[in-house]
Amino acid sequence: MIKALRNLFSARPEPVKAAIPAGQRVYAVGDIHGRLDLLVSLAEAIEADDRARGPADTTVILLGDLVDRGPDSAGVIKAARLWSQQRHVRFIAGNHEEMFLDSLDSVESLRHFIRYGGRETLLSYPIAANDYLAAEVEDLQAMMRQAVPQEDVDFLAGFEDTIQIGDYLFVHAGIHPDLPIEQQRTGHLRWIREPFLSHVGDHGFVVVHGHSITEEAQVLANRIGIDTGAYQSGRLTALGLEGSTRWLIETADDGGDIRTRVRDAA
């Protein structure tokens, strides 16, 4: 009897690994936060990696927070838009894109935006530092409206909240583990940390997200976090997915010399 039970459990199949549909390949990029230099290097590395792996229906997903904190948010927006004209790139809306857009209409949102990296974003547009420092918040909002091109506003406003491909769900911050996907609020998708980060249960798909900084990519059973703090660490990370295979492409700023490596995702 005991032997039969042992045989039963030993014959239990391995859990099915999350997978991307056959013929497709996906690259997800973590929070860029105004680091145009890292984005350019990572985009080049993704293009080279995609060519080396052979033909596929490839999608690149930027997981949000393209702007704020780093030195060139305007440049990142322009580069991301140009990249999307050359290949299939999709964009997730992050909490910093939300603050950026809200600041155009709300002075209170602008005050909040400035405290969390919006100063660097505004100065990446044609707003002089002296004018910025001298301006009252209402005047600064008027300067912002004049300096930020409408095409940038329209571009950011068109970002998506979630993208599902195969067994993966791509979001900016995460999801509330107690709610089905159709009941998730925008605040969950763009701002959540807990109880999402500590949840160990199955979501029904693997959630790929940014928003919460870790030193290296976190590859867990139910989620993969790839925000490696580009604006402060100098490291920008992409996750590659094809079939049930996963790999990481990482760029690191080593004193102005940007190095790139590709490695398997654990």
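## Helix H2

In this predicted model, helix H2 buries Leu38, Leu39, Ser41, Leu42, Ala43, Ala45, Ile46, Asp49 and Asp50. An α-helix has 3.6 residues a turn, so residues three or four places apart point the same way.

H2 has 17 residues, and its first and last C-alphas sit 24 Å apart, close to the 24 Å expected at 1.5 Å a residue. Just past the end of H2, Gly54 takes a positive phi of about 90°.

Take Val29 as a worked case. Leaving out residues up to four places away in sequence, Val29 touches Leu42 and Ile46, then Val60, Ile61, Leu62 and Leu63, and finally Ile226, Leu236, Thr237 and Ala238.

The largest pocket comes in at about 390 Å³. Its lining has 19 residues, and the ones closest to the centre are Lys17, Ala18, Val206, Ala221 and Arg246. By class, that lining splits into 10 nonpolar, 5 polar and 4 charged residues.

The second largest pocket has a volume of about 190 Å³. Among the residues lining it are Glu215, Glu216, Arg235, Glu250, Arg259 and Arg261. Strands E9 (235–242), E10 (245–254) and E11 (257–264) are the elements that each give two or more residues to this lining. Its class count is 1 nonpolar, 4 polar and 6 charged.

Methods
Residues numbered from 1 in each chain as written. Predicted model: local features only at pLDDT ≥ 70, side-chain atom pairs only at ≥ 80, totals over all residues. Heavy atoms only, no water. Contact = heavy atoms within 4.5 Å. Helix = DSSP H or I, 4+ residues; strand = E, 2+ residues; numbered from the N terminus. Expected span 1.5 Å × (residues − 1). Buried < 20%, exposed > 50% of the residue type's maximum accessible area, 1.4 Å probe, protein only. 1 Å grid on protein atoms, 1.4 Å probe; cavity = no way out; pocket = protein on both sides within 12 Å on 5 of 7 lines; lining within 4 Å. Points joined across faces, edges and corners; volume = space filled by probe spheres on them. Nonpolar A, V, L, I, M, F, W, Y, C, P; charged D, E, K, R; others polar.
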